[in-house]
Amino acid sequence: MEPHARPDPAAAATPTPGLVANEFDGKPGLPDRFGRPLRDLRISVTDRCNFRCTYCMPAEIFGRDFAFLPHSEVLTFEEITSIARVFVELGVEKLRITGGEPLVRRDLPTLLAQLARLRTPDGREVDLTLTTNGSALKALARPLRDAGLKRVTVSLDSLDDEVFRSMNGIDFPVQRVLDGIAAAREAGFDPIKVNMVVKRGTNEESIVPMARWAREQGAILRFIEYMDVGTANGWAMDDVVTAKQIVARIDAELPLEPAQANYRGEVAERWRYKDGGGEVGVIASVSGPFCGDCTRARLSAEGKLYTCLFAAKGHDIRALLRAEGTAGATDAGLAAERDAAVRELVDRTWRARVDRYSELRTEATSHLPRVEMFAMGG
Ligand code: SAM
Ligand code: SF4
Ligand code: SF4
């Protein structure tokens, strides 16, 4: 038995009164103003990254002197776990660790081991997953697996070394990410998901080779439309290669047919190879928004709660944890008081949620102020 598979009664969440089965998925949950339950939490463990992807943290803007969060402002593992526990009590079933680049956070497997002990109100394990640029996966895949990480998604924008080096902004060789993916597979992550952001004029020629490679590897490949996240990447609608165009390119060489969604809220549109050679997904965040099914919240590295990837403002959970009297509380009464304050904030914020940015997007909205994706948690 793997270490994380054993239920830990001390870590089990207590059922939260007041959560009623909702029409969305029939399970108890916290509905927002459009009836979307809170089901997923993306947890950013750091705002730092070793890459400077042109579409996320362009090197010209995020140079050597860019001020990332000081250590003291970043949530501790204990703080993250106690916040995650509250979210799980409120109906969250999936936790995704992200960043910045999550693998640059020291001792990350220790956090994973803590999160792996959480249980849903009806006693199930949570779905624990992580998104990484793969650069440090060779060394960390095994310790993360042993700590209880269930699934991993690797971002990879091209197999062409020249294209990849230029897109990651630090001349990082693609082979090292491929080595990381191989190490993840050896550690038991199977299947591995791979995300590829497609940007016009940059890596369109990599679409079909990536599709062929993923088929051979048995990896689940998801193409992501280039989004107007943050304001630093200079996004323009013309840079977007739409899901339809991506599918057409693949279909011309490897014929495709549509596949059914696995579950409501699945963001990727799935397509099957007609020859039975697996499937690919496209995430049409720009051309086919899916806000109606969006059940995701984000927790930034500094402890702010965001209810939309395009939000300009977060809600400060860290302030509640570090409030005088309850900060670092080991006393059961104080810890319960602190958790109740977090629960109240999350409950109130989610119930008031009306976000649907992608459904309302225009060229004009893409210039509105908002938090960068690496800072919020991608
Ligand atoms: N550093 C990790 C990584 O790259 O996998 C995790 C954080 S990153 C912000 C999360 C995901 O967001 C990655 O798959 C990345 O490709 C994607 N992403 C970043 N900027 C994007 C953009 N402008 N449009 C679409 N996807 C983007
Ligand atoms: Fe770093 Fe991920 Fe952003 Fe690339 S997409 S700069 S790897 S946080
Ligand atoms: Fe969810 Fe906001 Fe994205 Fe819509 S725009 S899918 S509400 S994160």
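Start by selecting D107, which sits in the loop between β4 (94-98) and α2 (108-116). Helices and strands here are DSSP runs, numbered from the N terminus (helices are H or I with at least four residues, strands E with at least two). Check the backbone of D107: phi is near 60°, a positive value in a residue other than glycine. Most residues other than glycine have a negative phi, and most peptide bonds are trans.

Before moving on, note the ground rules. This is a predicted model, in which local features need pLDDT of at least 70, side-chain atom pairs count only at pLDDT 80 or more, and totals for chains, interfaces and linings use all residues. Residues are numbered from 1 along each chain as its sequence is written, chains are lettered from A and ligands numbered from 1 in the order in which they are written, and side-chain values use heavy atoms, with hydrogens and water left out.

Go to D171. D171 lies in the loop between α4 (161-168) and α5. Its phi is also positive, near 60°. Is D171 buried or partly exposed? D171 counts as partly exposed because its relative accessibility is 48%. The classes are buried (under 20% relative accessible area), exposed (over 50%) and partly exposed (in between), using a 1.4 Å probe and protein chains only.

Next, select D190 and P191. A cis peptide bond joins them, with omega about 0°. P191 belongs to the loop between α5 (174-186) and β7 (193-198).

**Across the chain**

Now pick A113, in helix α2. With 27% relative accessibility, A113 is partly exposed. Draw a line from A113 to M237: the two are 124 residues apart along the chain, and their C-alpha atoms are separated by 41 Å.

**A buried arginine**

Select R296, in strand β12 (residues 296-299). R296 counts as buried because its relative accessibility is 10%. Which residues does R296 touch, leaving out those up to four places away in sequence? They are D40, R42, V267, F290, T307, W350 and R353. Contact means heavy atoms within 4.5 Å.

**The ligands**

Show ligand 3. Around it are F290, C291, C294, C308, L309, F310, R353, D355, Y357 and S358. A residue is near a molecule if one of its heavy atoms lies within 4 Å of it. This shell holds seven nonpolar, one polar and two charged residues. The classes are nonpolar (Ala, Val, Leu, Ile, Met, Phe, Trp, Tyr, Cys and Pro), charged (Asp, Glu, Lys and Arg) and polar (the others, Gly among them).

**Zoom out**

View the whole chain. Look for 11 helices and 14 strands. The C-alpha trace spans about 60 × 50 × 50 Å along its principal axes. Of the 378 residues, 54% count as buried. Among contacts between residues at least 6 apart in sequence, 71% join residues at least 24 apart.

Finally, color by pLDDT, the predictor's confidence in each residue, from 0 to 100. The chain averages 91, and 93% of the residues score at least 70. Select residues 1-15, where pLDDT stays under 50. For this stretch the model has 27 contacts beyond four places in sequence.
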